[in-house]
Amino acid sequence: MAVRPLVGIVAAAGSGERLGASGPKAFVPCGGRPLLDWSVEALGAVCDRVVVVVPPGLEAGPDRVGGGASRSESVLAGLRSAPEAEACVIHDAARPLVTPGLIQRCVAAVERGWDGAVAAAPVTDTVKEAAEDGRVTRTLDRSCLWSVQTPQAFRAEVLRRALTVPRDELAAATDDASLVEGAGGSVTVIDAPPENIKVTRPSDLVTVQSLLLRSHSGSRVD
Ligand code: CTP
Ligand code: MG
């Protein structure tokens, strides 16, 4: 059953320290337009409205709100500006290769009854646990391990409740789904294509730019 209104929230308020550009990462040119525009376009194809959470001071424009000191606080700011949402899709501006198809598969899982559905890739490296001195304490069974990404779709009410935690807990969360899981919500993984990579360091920007230009060749190359 369709869960509407569906609001897309783009987390774009980070500074991009590791990228080391002269301005915030989401505004860095990539494939001929600001990095965040790719995500806004993909979400716009699926959602009723798209809210972009930007660094405070850069809110000019429709559906832009100022973010917080941590990613989760930024997501909370976006969600607060979308009181009409029955479902929401949270996505990082740092993953511009997201497709409407992947977003739709996450949303469809929420429509089937999951509280949350997160894009993820099966772990391909062997993963070990090590003590502080480097001594390996355990090798994990990677057959059930997933590396989690965005988009992450949720029943909005469940995410609102999950984000109602003390500020330090909010700041410590590395993704939105972990807060939902912590509150007892049901979350499923959605197998994402390998191209859905994140721009973190300068070399990622080079890789992403060439993938974007390849996947959009013929449509728009500025
Ligand atoms: N983000 C956000 N608000 C914050 C911090 C991060 O909206 N206070 C967003 C970023 O804009 C990014 C996403 O969360 O799209 C994932 O974060 P990350 O890749 O770590 O980006 P930055 O925090 O900007 O980069 P860095 O950690 O290198 O400073
Ligand atoms: Mg960060």
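Where in the fold do Arg160 and Glu157 both lie? Hold that thought for a moment, everyone, while I cover the ground rules.

What we have on screen is a predicted model, in which local features need pLDDT of at least 70 and side-chain atom pairs count only at pLDDT 80 or more, while totals for chains, interfaces and linings use all residues. Residues are numbered from 1 along each chain as its sequence is written, chains are lettered from A and ligands numbered from 1 in the order in which they are written, and side-chain values use heavy atoms, with hydrogens and water left out.

Back to the opening question. Arg160 and Glu157 both sit in helix H4 (residues 156-162), three residues apart, which is about one turn of the helix. Helices here are DSSP runs of H or I with at least four residues, strands are runs of E with at least two, and both are numbered from the N terminus. The two residues form a salt bridge, with their closest N and O atoms 3.2 Å apart. By salt bridge I mean a side-chain nitrogen of Lys or Arg within 4 Å of a carboxyl oxygen of Asp or Glu. The general idea is friendly enough: side chains of opposite charge can pair when their charged atoms come close.

Now the whole chain. It has seven helices and eleven strands. Its radius of gyration is 17 Å, close to the 17 Å that the globule rule gives for 222 residues, so the chain is as compact as a globular protein of that length. That radius is taken over C-alpha atoms, and the rule is 2.2 Å times the number of residues to the power 0.38. Along its principal axes, the C-alpha trace spans about 50 × 40 × 35 Å. Of the 222 residues, 43% count as buried. Buried means under 20% relative accessible area, exposed means over 50%, and partly exposed is in between, using a 1.4 Å probe and protein chains only.

Let's return to salt bridges. How many does the structure hold? There are nine. One of them joins Asp63 to Arg49, with the closest N and O atoms 2.4 Å apart. Arg49 is in strand S4, while Asp63 is in the loop between strand S4 (49-54) and strand S5 (64-66), 14 residues away. Asp63 is partly exposed at 33% relative accessibility, and Arg49 is also partly exposed, at 22%.

Another salt bridge pairs Glu73 with Arg167, their closest N and O atoms being 2.7 Å apart. Glu73 belongs to helix H2 (residues 71-80) and Arg167 to helix H5 (residues 167-172), so this pair ties together parts that are 94 residues apart in sequence.

Next, please find strand S11 (residues 187-191). Strand S7 (residues 116-122) runs parallel to S11, and five bridges join the two. Gly116, for example, has Val187 as its bridge partner in S11. Strands count as paired if DSSP finds at least two bridges between them.
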